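Hi,

Here is the structure I promised to hand over. Have a look at it first, and my notes follow below.

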Amino acid sequence: MKKICFILFSISLMSNCFAQLDDQILLEINAIENSLVKNIQIKGDSIQKFNILERMEYYKVPGVSIAIVENGKIKWAKGYGYANTETGTKVDANTLFQAGSISKPLAALAALKLFENDSLELNKDVNDYLKDWQL
């Protein structure tokens with residue numbers, strides 16, 4: 001009987017922890033969705049906060065996907081708006097977007113991380129690292 005009580009208590013405790021974790025993630029999502037600010041603030045003015053859907057409408061952006069990465073793993077991901085306005089297909093966490101504008105700074109960040117970990121020498125000929133093709 002003690003083992004059954006212990007198991008039930010353990011399951012209850014674990015489910016409570018997961019519920020709190022879900023609540024924390026929901027609070028984080030809500031904060032991100034509803035706390036967007038203009039990138040230029042005037043000293044003395046109150047800070048106006050915007051909702052992500054309001055900003056999407058203002059900038060005429062049909063669809064956006066957000067992923068929060070923590071410790072190298074996706075903590076949560078969510079989509080907003082439409083992937084295809086003609087068919088009405090909505091954006092979700094699995095919608096693929098072309099990442100042309102963000103790929104360059106991410107590649108630079110990856111190179112700097114490799115340099116920081118002594119896996120890359122910045123002054124070495126890049127062709128020494130390339131396997132399938134050469135510059």
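Before the rest, some housekeeping. This is a predicted model, so to speak of local features I needed pLDDT of at least 70, side-chain atom pairs count only at pLDDT 80 or more, and totals for chains, interfaces and linings use all residues. Residues are numbered from 1 along each chain as its sequence is written, and side-chain values use heavy atoms, with hydrogens and water left out.

**Salt bridges**

I took a salt bridge to be a side-chain nitrogen of Lys or Arg within 4 Å of a carboxyl oxygen of Asp or Glu. That rule gives four salt bridges. One of them joins Glu28 to Lys75, at 2.7 Å from N to O. Glu28 sits in helix α1 (residues 2–34) and Lys75 in strand β2 (residues 73–84), so this pair ties together parts 47 residues apart in sequence. Helices (H or I, at least four residues) and strands (E, at least two) are DSSP runs, numbered from the N terminus. Both ends are partly exposed: Glu28 has 23% relative accessibility, and Lys75 has a relative accessible area of 30%.

Back to Glu33, which forms a salt bridge with Lys78, the closest N and O atoms being 2.6 Å apart. Here too the partners come from α1 and β2, so the pair ties together parts that are 45 residues apart in sequence.

Glu70 is partly exposed, with 42% relative accessibility.

Three strands make an open sheet in the order β1-β2-β3, with antiparallel pairing. β1 and β3 are at the edges with a single partner strand each, so one side of each has no neighbour in the sheet. For pairing, DSSP has to find at least two bridges between the strands.

Strand β1 (residues 63–70) is joined to β2 by eight bridges. Within this pairing, Ala67 is opposite Ala77, and Ile68 has Trp76 as its bridge partner. The two strands form a hairpin with two residues between them, and Asn71 in the turn has a positive phi of about 55 degrees.

**Pocket and rings**

What is the volume of the largest pocket? About 190 Å³, where a volume is the space filled by probe spheres set on the grid points, which are joined across faces, edges and corners. On a 1 Å grid over the protein atoms alone, a pocket is an open set of points where a 1.4 Å probe fits, with protein on both sides within 12 Å along at least five of seven lines; lining residues have an atom within 4 Å of a point. The lining consists of Ser65, Phe97, Gln98, Ala99 and Ile102. By class, that is three nonpolar, two polar and no charged residues; Ala, Val, Leu, Ile, Met, Phe, Trp, Tyr, Cys and Pro count as nonpolar, Asp, Glu, Lys and Arg as charged, and the others, Gly among them, as polar.

Finally, the whole structure has one aromatic pair. The ring centres of Tyr58 and Tyr59 are 4.8 Å apart and the planes are at 90 degrees, so the pair is edge-to-face. Rings of Phe, Tyr and Trp (its six-membered ring) pair if their centres lie within 6.5 Å, with planes under 30 degrees apart counted as stacked, over 60 as edge-to-face and the rest as tilted. Tyr58 and Tyr59 are both exposed.

Cheers

Key. Buried < 20%, exposed > 50% of the residue type's maximum accessible area, 1.4 Å probe, protein only.
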